[in-house]
Amino acid sequence: MPELPEVEALAGFLRENAAGRVLARADLAAVQAIKTFDPPLSALAGLEITGAGRHGKFLDLDVSGIHLVVHLARAGWLHWRENLPTAPPKPGKGPLALRVHLDDGNGFDLTEQGTRKGLAVYVVRSPAEVPGIARLGPDALLVEREDFARLLAGRSGQLKGALTDQTLIAGIGNAYSDEILHAARLSPFKMADKLSEDELVRLYDAMRATLTGALERQRGQKAATMKGEKRSGLQVHARTGLPCPVCGDTVREVSFADTSLQYCPTCQTGGKPLADRRMSKLLR
Ligand SMILES: [Zn+2]
């Protein structure tokens, strides 16, 4: 799933390549992707793209005051296209959700792989009209340490859930929360409101270092190469069974109904593996 660094880099890419151009047409291919009806998608046609930005994990294309807001969900992505075909795409076929044509013949596709469709497109006069944006907590790259400490202190539940709760702190998802907790040497199951002063500092510094490091690697990448760049920078996420780059211990996994987390026992949990629901299911 694209998280803060990828969405920020995509916004930067669009500022460089799409801002200043006129949005010629937007073709909707996946009807369920669009979540708003007023203004209609057709209202964007003929207007100049004046900026691109980010709210948490939402991408925001400013089209002369009308905002095309996109949440890429789990398997969505933006593909920059040169010389787009002019014929409208066939609706409901393949991964294409929305195609945006610019006046110079270039443009981009928003696509989503897999059968579970979560990619969401909103056409709004203000980004705050998008419910998911209105609910966002402070941005993970902007939140001050004192505010971060206060937010966690008021939160019951485990760190993994706290870091990925967009209403608490915006921008972090499954991958970077694994990376941040590993860098902070904290268990994903540690209670958010039970951190010592030292642990809070470690977590805050790890959050900033992990996200800015990823952003540095993504910045200037073409949209097509960002995903590979993200994967190459990961220490524990999606690396189950591989050695931890810090200590050499084997990266382990805890799986849930529809997701999983990865961590290093030596770095994060005092060498003790965490209980894994799937493992106990296998033993039943
Ligand atoms: Zn380790």
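Cysteine 244 and cysteine 264 are both buried. In this predicted model, the two residues belong to the zinc site, where Cys244, Cys247, Cys264 and Cys267 are the protein donors.

**Zinc site**

- Each of the four cysteines, Cys244, Cys247, Cys264 and Cys267, donates through its SG atom, at 2.2 to 2.3 Å from the zinc ion.
- The site is tetrahedral, and the angles among its 4 donor atoms run from 97 to 115°.
- For four tetrahedral donors, the ideal angle at a metal is 109.5 degrees.
- Along the chain, the donors are spaced as C-x2-C-x16-C-x2-C.
- Cysteine 244 sits in the loop between α7 (226-232) and β10 (252-255), while cysteine 264 sits in the loop between β11 (260-263) and α8 (265-268).
- These two cysteines are 20 residues apart, and the pair links distant parts of the chain.

**Nonpolar cores**

- The largest nonpolar core comprises 36 residues, and Leu14, Leu68 and Leu110 have the most contacts inside it.
- At least two residues of this core come from each of α1 (4-17), β1 (22-28), β4 (58-63), β5 (66-71), β6 (76-81), β7 (96-102), β8 (107-112) and β9 (120-124).
- The biggest contribution to this core is that of α1, with 6 residues.
- Another core, of 28 residues, lies apart from the largest one and has Leu4, Leu151, Leu163 and Ala214 among its members.
- Leaving aside residues up to four places away in sequence, leucine 68 touches Leu41, Leu44, Leu59, Asp60, Leu61, Leu98, Val100, Val121, Tyr122 and Val123.

**Helix packing on α6**

- The axes of α1 and α6 (residues 197-218) come within 8 Å and cross at roughly 35°.
- This crossing of α1 and α6 is right-handed.
- On the α1 side the contact involves Leu4, Pro5, Glu6, Glu8 and Ala9, which meet Leu211, Ala214, Leu215 and Gln218 of α6.
- Helix α3 (residues 145-153) also packs with α6, at an angle of about 115° and with the axes 10 Å apart.
- The crossing of α3 and α6 is right-handed.
- From α3, Arg145, Phe148, Ala149 and Leu152 make the contact, and from α6, Leu200, Val201, Leu203, Tyr204, Asp205 and Met207 do.

**Helix α5**

- Helix α5 (residues 174-183) is mostly covered, with 8 of its 10 residues buried.
- The buried residues of α5 are Ala175, Tyr176, Ser177, Asp178, Glu179, Ile180, Leu181 and His182.
- Their cover includes α1, α4 (159-164), α6, α7, β11 and α8.

**Arginine 21**

- Arginine 21 is located in the loop between α1 and β1.
- Its relative accessibility is 31%, so arginine 21 counts as partly exposed, a class that lies between the 20% limit for buried and the 50% limit for exposed.
- Arginine 21 and glutamate 48 are 27 residues apart along the chain, and their C-alpha atoms are separated by 5.6 Å.
- Not counting residues up to four places away in sequence, arginine 21 touches Leu47, Glu48, Ile49, Leu102, Asp103 and Asp104.

Methods. Residues are numbered from 1 along each chain as its sequence is written. This is a predicted model: local features need pLDDT of at least 70, side-chain atom pairs count only at pLDDT 80 or more; totals for chains, interfaces and linings use all residues. Side-chain values use heavy atoms; hydrogens and water are left out. A nonpolar core is a set of buried Ala, Val, Leu, Ile, Met, Phe, Trp, Tyr and Cys residues joined through side-chain atoms within 4.5 Å. Buried means under 20% relative accessible area, exposed over 50%, partly exposed in between (1.4 Å probe, protein chains only). Helices (H or I, at least four residues) and strands (E, at least two) are DSSP runs, numbered from the N terminus. Contact means heavy atoms within 4.5 Å. Donors are N, O and S atoms within 2.8 Å of the metal (3.2 Å for Na, K and Ca); water is not among the atoms, so sites may look incomplete. Four donors count as tetrahedral if all angles lie between 85 and 135 degrees; four count as square planar and six as octahedral if opposite donors are over 155 degrees apart and all others between 65 and 115; anything else is irregular. Axes are lines fitted to C-alpha atoms, for helices over the stretch in contact, and angles run from 0 to 180 degrees between N-to-C directions. A crossing is left-handed if the near helix is turned anticlockwise from the far one by less than a right angle, and right-handed if clockwise.
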